[in-house]
Amino acid sequence: MTTGFLHHESYLWHDTRSAGLYLPAGGMVQPGEHAENPETKRRLRSLLEVSGVMDHLVQLAPRPATEDEVLRFHTRDYIESLKTMSAGNGGMAGEGTPFGPGSWEIALLSTGGVIRALDAVVEGEVDNAYALVRPPGHHAEKDEGRGFCMLGNAVIAIKHAQAVHGLGRVATVDWDVHHGNGTEHGFYDDPSVLTISIHQDDNFPTGSGKLEDRGEGAGEGYNINVPLPPGSGHDAYVATFEQVVAPALRAFKPDLIVVPSGFDASIYDPLGRMMATSETYRRMTEILMATAAEVCGGRLMMCHEGGYSVAYVPFCGLAVMEVMSGANSGVEDPFYAAASSDGGGGIMPHQAAVVDAAAAVASAIT
Ligand code: ZN
């Protein structure tokens, strides 16, 4: 198995400004570090190197996305406003999305990095790939940024894949703890892209990601939301992948699977209330890899989204990269014993009910 890995130092220079968690500093919010800061990404990359897994990965270099590529999803007005603010002192791309000077160029490099990783998989340069990019993308809608996301990285990359490589069907499996509203929005009426999001019910964006939101027009039935209750852990996630994700992918038969990958469903995340461990991410990746091998020759590309536990994101990411590349580092997750003994690893009836309801939606896929 050859696995591509894409990252660039510039991604860590995107400035999300002074904040307390996700609130801008000011008033009674003392100035401090924004939750979406470079550190989780830097430490994930560092652990891949120190564990030795990086030696098994094919390094891919990003290039900036072109404006024409970005315009396949976003409006001209939106990108002009980003360019103007970025050329000055920075600004807000939308709800909860602060950025500093120069972030437009970094956002283009982030989107272009996801396109590059996708190209490498589609063209057979590597079997699968992970793009550790920043800023993230899955909350961005066509005319506004949201939730720390400026450009819809996965949406733009998939539209590129269809336009340039002639790919027919593409599926997305978003395991970030927050709803992948931007990806849903990008393909809501499009039957050629199956969008699946597994997220904490009504966390962010509020009111978004309901089970009954199944797409519209020709795209009806090709959007699957799995709004798991807060507190869902390993067994609930594995059940979702076994009973919803894998059957939906087998029925849909995509040419490529794209995973907007957030590690904020972990038990230690400050912005989610789920209980996934590194083993949960390992098992989800195993199921995806097996299903991808069955339906699309193993073509799988992941792009980085959220994940805010500075200490724990690296171990979740390491588990994913070990499975994708087949490289076993022998590194044990030092948090696992504590993380898996906190309760919540089993599946509770109200969680199973959501998985069952989503499985019924998935069973309608053709
Ligand atoms: Zn998230």
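Colleague: Let's start with the largest cavity. Which elements each supply at least two residues of its lining?

Modeller: β10, α6, β11 (193–200) and β12 (223–228) each do that. Helices here are DSSP runs of H or I with at least four residues, strands are runs of E with at least two, and both are numbered from the N terminus. A cavity is a set of points on a 1 Å grid over the protein atoms alone where a 1.4 Å probe fits but cannot get out, and lining residues have an atom within 4 Å of a point.

Colleague: Before we go on, what kind of model is this?

Modeller: It's a predicted model, where local features need pLDDT of at least 70, side-chain atom pairs count only at pLDDT 80 or more, and totals for chains, interfaces and linings use all residues. Residues are numbered from 1 along each chain as its sequence is written, and side-chain values use heavy atoms, with hydrogens and water left out.

Colleague: What lines it, by class?

Modeller: 2 nonpolar, 8 polar and 2 charged residues. Ala, Val, Leu, Ile, Met, Phe, Trp, Tyr, Cys and Pro count as nonpolar, Asp, Glu, Lys and Arg as charged, and the others, Gly among them, as polar. The lining residues include Asp-174, His-179, Glu-184, Ile-196 and Asn-225.

Colleague: And how much space lies in the largest pocket?

Modeller: About 440 Å³. A pocket is an open set of points with protein on both sides within 12 Å along at least five of seven lines. The largest pocket has 30 lining residues, and Tyr-22, Gly-147, Phe-148, Phe-204 and Leu-271 lie nearest its centre. By class, that lining has 13 nonpolar, 11 polar and 6 charged residues.

Colleague: Why does Phe-148 count as buried?

Modeller: Because its relative accessibility is 11%. Buried means under 20% relative accessible area, exposed over 50%, and partly exposed in between (1.4 Å probe, protein chains only).

Colleague: What about Asp-202's phi?

Modeller: Also a positive value in a residue other than glycine: phi of Asp-202 is near 60°. Asp-202 sits in the loop between β11 and β12 and counts as partly exposed, at 34% relative accessibility.

Colleague: Switching to prolines: which peptide bonds are cis?

Modeller: Arg-134 to Pro-135 is cis, with omega near 0°, and so is Phe-204 to Pro-205, with omega near -15°. Pro-135 is in the loop between β8 and β9 (145–146), while Pro-205 is in the loop between β11 and β12. Most peptide bonds are trans, and most residues other than glycine have a negative phi.

Colleague: Now the metal. Which residues are the protein donors of the zinc ion?

Modeller: Asp-176 through two OD entries, His-178 through ND1 and Asp-264 through OD, lying 2.0 to 2.7 Å from the zinc ion. Donors are N, O and S atoms within 2.8 Å of the metal (3.2 Å for Na, K and Ca), and water is not among the atoms, so sites may look incomplete.

Colleague: What geometry does the site get?

Modeller: Irregular, with angles of 53 to 155° among the 4 donor atoms. Four donors count as tetrahedral if all angles lie between 85 and 135 degrees; four count as square planar and six as octahedral if opposite donors are over 155 degrees apart and all others between 65 and 115; anything else is irregular.

Colleague: How are the donor residues spaced in sequence?

Modeller: As D-x1-H-x85-D. His-178, in the loop between β10 (170–174) and α6 (181–187), and Asp-264, in the loop between β13 (256–261) and α8 (278–296), link distant parts of the chain, 86 residues apart.

Colleague: Is His-178 buried or exposed?

Modeller: Buried, at 6% relative accessibility. Asp-264 is buried as well, at 0%.

Notes. Points joined across faces, edges and corners; volume = space filled by probe spheres on them.
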